[in-house]
Every structure is written in C-alpha cells, then in structure tokens.
Number of protein chains: 2
Amino acid sequence: MKRIAESTVRRLSLYLSFLEGIERQGLITISSDELARLGGTTSAQVRKDLSLFGSFGKRGLGYAVPELSEKLREILGLGKEWKVCIIGAGKIGAALARYRGFAERGFHVAGVYDVDKAKIGKRWESLTVRSIADLEKDASKHHYDIAVLATPPENTPAVVRQVVRAGIKAILNFAPIQLSVPADITVRTVNMAMELEGLSFALSNRGD
Amino acid sequence: MKRIAESTVRRLSLYLSFLEGIERQGLITISSDELARLGGTTSAQVRKDLSLFGSFGKRGLGYAVPELSEKLREILGLGKEWKVCIIGAGKIGAALARYRGFAERGFHVAGVYDVDKAKIGKRWESLTVRSIADLEKDASKHHYDIAVLATPPENTPAVVRQVVRAGIKAILNFAPIQLSVPADITVRTVNMAMELEGLSFALSNRGD
DNA sequence: GATAGTTTGTGAACTTATTCACAAGCCTGA
DNA sequence: TCAGGCTTGTGAATAAGTTCACAAACTATC
C-alpha cells in the first residue's frame with residue numbers, strides 16, 4: 001500500500017468522530033459534502049482520503065453511515081484492543097491513568113512504571129506502579145503495543161532506550177523533547193509549549 | 001509578510017527549545033546541520049525556515065546561539081506576557097491550572113471559568129472559579145489573549161460562541177470536537193483520541 | 001424505461017512544502 | 001593577503017498534498 005500522510009490519518013480520525021455522532025442521531029447516509037463541512041475541509045478532500053482505501057460510497061447517494069464508520073475503524077486499526085503502558089507516575093501520568101478516553105477507544109492501560117523508588121509499589125487506580133527496570137521483562141508477558149511517556153525531559157532519552165529495547169513499536173510522548181528512535185517505531189508528540197507558541201506566533205503576526 | 005506554514009512554526013518552536021538547552025551548556029555557535037540533527041530534519045530545511053524571517057547566521061561559522069534564541073523568541077511573540085483564561089474547571093482544567101509550563105513561557109493564567117454552579121466560587125490555586133457568563137465582561141477588563149478550552153464536547157460550541165463574543169483571538173482546544181470560529185481566530189486542538197488513533201493506524205499498517 | 005437530479009471516484013492541474021546544489025561570504029593560519 | 005575549509009542563503013528542481021472537473025453510476029419520478 002502506498003504511504004499515507006499523517007494529515008490524512010488525522011482527517012480519517014476526525015471523520016470517524018463525526019460519523020459516530022451522526023450514527024447516534026440515527027441518520028443513515030451522509031455525503032462527502034456534509035462530512036467536509038463538519039470537518040472544515042472540501043468534499044474532494046474527503047473523497048480522496050477515502051479513495052486511498054477503497055470505494056465505500058454509492059454514487060448519487062453518499063456513504064452509508066454505519067458501514068463507513070466500520071470501515072474507518074478497521075482502517076485505523078480500532079478493531080483490536082491495544083495494550084498500553086504509562087511511564088512516569090507524576091501528575092501527567094496520573095491524569096492519563098484516570099483518563100476514560102483510553103478504554104473507550106479500545107486502549108487498555110495495563111501497566112504504570114516509574115524510576116522513582118518512592119513511587120514504585122504504590123497502587124494507582126487498579127494498577128501498581130512498577131520499576132522501569134521491569135519494563136523489558138513485563139513487555140514479553142503483557143505484550144505492550146504502545147508506551148505513553150509522561151517523564152521529565154532529562155530522564156526521557158534513557159526511558160526511550162528501554163522502551164525500544166522492550167520491543168514497543170509506538171510511543172505517545174508528552175515529554176517536551178524530541179525523541180530519537182529507530183525508523184520502525186512511530187512517535188506522536190503532544191507538546192503544550194509548542195501549541196502555545198503557535199498561538200503566540202499567530203497573535204503576534206495577525207494582519208501581516 | 002508571506003504566509004507561514006504551521007509546520008514551519010512548529011519547527012521554529014522546536015529549534016528554540018534546542019537552543020535553550022544548548023545555551024545552558026554554554027555553547028556559543030551552532031550550525032544548521034547540528035540543529036537539523038537535533039530536530040530530525042535537514043540543514044536545508046533549517047536554513048529555509050530561518051530565511052523566511054531574515055539572515056541570522058554567519059557563513060562559514062553558523063548561528064550565534066543567544067542571538068538566534070532571542071530572534072526566535074521575538075518571531076514567536078514570546079517577548080510579551082500573554083493573558084490566558086481556562087474554561088472548564090474539571091479534571092483537565094485542574095491539571096492545566098497547575099501546569100508550570102504556562103508561566104515559564106510567559107503565559108499568565110488570569111482566570112478560570114465554568115458553567116457549573118457547584119464549581120463557581122471555589123478557589124483554585126490562586127484563582128476563584130467564575131461563571132462563564134462573566135467572561136465577556138471580564139475580558140474587557142483583563143484583556144485575555146488566549147482561551148484554553150477544557151470543556152465537555154456537548155458544551156463546547158456554546159462556550160466557543162462566548163469566547164468569540166468576548167473578543168478572544170486564540171484558542172487552545174482540549175475538547176474532542178472540531179471548532180467552528182471566524183477566520184481571524186486561531187485554534188490549536190489537542191486531541192488524545194486522534195493521537196492514539198494515529199498510533200493505532202501505524203501499528204496496523206507496518207510493512208505495507 | 002427514459003429523464004432529471006444527485007453524488008461518487010479519480011486522473012489532471014495546481015499549489016504548497018521540501019530538498020538540492022552552489023555561489024557568496026566568513027574564519028583561520030601561513 | 002592569499003588559500004583552504006566551512007557554512008550560510010537562496011533560486012531551481014523535486015516531491016507531496018490539495019483542488020478541479022467530469023464521466024460514471026445510482027435514485028426517484030413520471
């Protein structure tokens with residue numbers, strides 16, 4: 001299959017969230033044009049995005065909502081349950097562990113790790129904080145798919161090495177640094193400072 | 001000035017964070033090539049990004065670190081202090097209010113709002129939660145620059161309308177929906193579900 | 001079953017973003 | 001002051017992403 005752009009995947013994700021809303025409203029078909037309006041894009045874009053994966057619509061009619069949602073879930077790999085571990089039992093880690101959105105979308109948080117001896121052994125929701133040293137060993141048992149990094153920047157490179165060694169192929173990074181990982185590992189970084197600076201830039205350059 | 005792509009702004013932000021680290025290490029110059037390596041990009045990209053705003057380097061030598069950081073801070077509009085209000089006094093709002101990164105980067109959280117009568121009036125760090133109904137009135141006094149939305153999806157459209165009416169021109173959105181705002185308002189959305197789905201997609205399609 | 005009215009799927013055109021490649025400029029050392 | 005070694009800044013070339021535009025296919029109506 002040809003390489004799919006990250007921007008395309010983001011839009012697919014967006015379309016899916018709209019479809020789920022529409023499904024709840026009981027509507028049964030939707031046109032690329034309506035979907036485009038919801039997502040702030042164009043109908044051609046919607047059709048092109050979907051056409052990368054097949055033909056899901058009916059000419060003259062549009063897309064069947066439940067069918068298209070199902071297809072999108074399949075494309076996005078939301079059929080199976082992914083095993084997630086959270087690394088870093090600080091404030092962000094805690095907020096993430098409590099976050100309901102993981103489970104709702106089929107992401108099962110199966111472990112929490114930290115380097116700090118003071119935190120190791122503490123119970124946390126339904127989990128016990130474990131030592132990062134156990135990660136590699138645990139990974140072979142739990143088969144983690146995704147590591148969520150909520151570590152301070154200075155520890156993060158070492159943590160990343162352990163995640164890589166544990167064979168985990170996807171990282172959601174909340175540490176405010178750039179990760180360096182082998183090419184077969186996918187990283188998404190969420191960086192508040194960067195978002196804020198984007199807004200600051202926009203505010204400073206309005207009307208240029 | 002010509003339109004600057006969001007991807008460019010993100011990279012500038014990234015370069016700045018590297019420069020700050022390098023500055024602390026006491027290095028005084030850096031080449032586009034080193035900066036590129038840190039940021040996972042190419043030296044041509046770095047030079048092109050910077051050249052959109054001027055010529056900051058010395059041929060044969062590279063860039064003066066403190067000077068370039070200063071330029072980037074200026075480009076990103078980090079010279080002044082931006083006034084921020086957080087809307088939604090739930091768990092995410094609470095985490096954000098406690099987040100140190102705002103202040104460190106010159107973003108001053110000057111107000112917290114909610115619709116829920118039970119939460120209004122509660123003290124929160126150094127602030128008191130106020131009614132969203134007061135936002136427009138307060139905005140003229142405090143002159144908020146940025147609204148951070150940590151509201152449940154169903155309330156968000158109404159909140160957005162109030163934010164727009166209050167004259168706020170930048171929104172950092174944590175609600176998992178697409179916002180519709182006038183063209184002169186800048187929105188950045190942070191959506192965990194979307195990031196997770198991006199990873200899920202990548203994991204499902206490895207090796208295609 | 002023919003006609004009118006939709007809406008998809010997709011090459012082709014266009015726009016935007018990235019990479020190439022090299023002249024121009026600066027530093028060091030002899 | 002000249003030569004050699006770097007590194008920038010930037011047009012030109014390439015690649016990537018988006019929009020256009022229209023034939024093909026479907027529904028509904030008469």
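Student: Which strand of chain A does helix H7 run at about 160° to?

Tutor: This is a predicted model. In chain A, helix H7 covers residues 135–142 and lies across S4, strand S5 (107–114) and strand S7 (127–131). The angle of about 160° is the one between H7(A) and S5(A).

Student: In what order do the 7 strands of the open sheet in chain A come?

Tutor: The pairing in this sheet is mixed. Its edge strands, each pairing on one side only, are strand S6 (123–124) and strand S10 (186–189) of chain A. The order is S6-S7-S5-S4-S8-S9-S10.

Student: Do strands S4 and S8 of chain A run parallel or antiparallel, and which residue of S8(A) does A:Ile86 stand opposite?

Tutor: Strand S4 (residues 82–87) and strand S8 (residues 146–149) of chain A are joined by 4 bridges. The two strands run parallel.

Student: What rotation superposes chain B on chain A, and how are the two copies related?

Tutor: The superposition has an RMSD of 0.1 Å, with a rotation of 180° and 0.0 Å of shift along its axis. The two copies are thus related as by a two-fold rotation axis.

Student: Which element of chain B supplies the largest share of the side that touches chain A?

Tutor: The contact involves 46 residues of chain B and 45 residues of chain A. Elements of chain B that each supply at least two residues to this side include H1, helix H2 (32–39) and helix H5 (91–98). By class, the residues on this side of chain B are 22 nonpolar, 12 polar and 12 charged. The largest share, 13 residues, comes from H9(B).

Student: Why can one say that the copies meet through the same surface?

Tutor: The interface residues of chain B can be checked against those of chain A. The copies meet through the same surface because the share of chain B interface residues that are also interface residues in chain A is 98%.

Student: Which element gives the most to the surface near DNA strand C?

Tutor: There are 29 residues around DNA strand C, and those that come nearest are A:Ser55, A:Gly57, A:Gly60, B:Ala5 and B:Gly60. Both chains have elements that give two or more residues to this surface, among them helix H2 (32–39) of chain A and helix H1 (6–24) of chain B. The surface has 8 nonpolar, 14 polar and 7 charged residues. The most, 6 residues, comes from H3(A).

Conventions:
Residues are numbered from 1 along each chain as its sequence is written. Chains are lettered from A and ligands numbered from 1 in the order in which they are written. This is a predicted model: local features need pLDDT of at least 70, side-chain atom pairs count only at pLDDT 80 or more; totals for chains, interfaces and linings use all residues. A residue is near a molecule or strand if its C-beta atom, placed from the backbone, lies within 6 Å of it. Ala, Val, Leu, Ile, Met, Phe, Trp, Tyr, Cys and Pro count as nonpolar, Asp, Glu, Lys and Arg as charged, and the others, Gly among them, as polar. Copies are superposed by least squares on the C-alpha atoms of residues with pLDDT of at least 70 in both. Two residues are in contact if their C-beta atoms, placed from the backbone, lie within 7 Å. Two strands pair if DSSP finds at least two bridges between them. Axes are lines fitted to C-alpha atoms, for helices over the stretch in contact, and angles run from 0 to 180 degrees between N-to-C directions.
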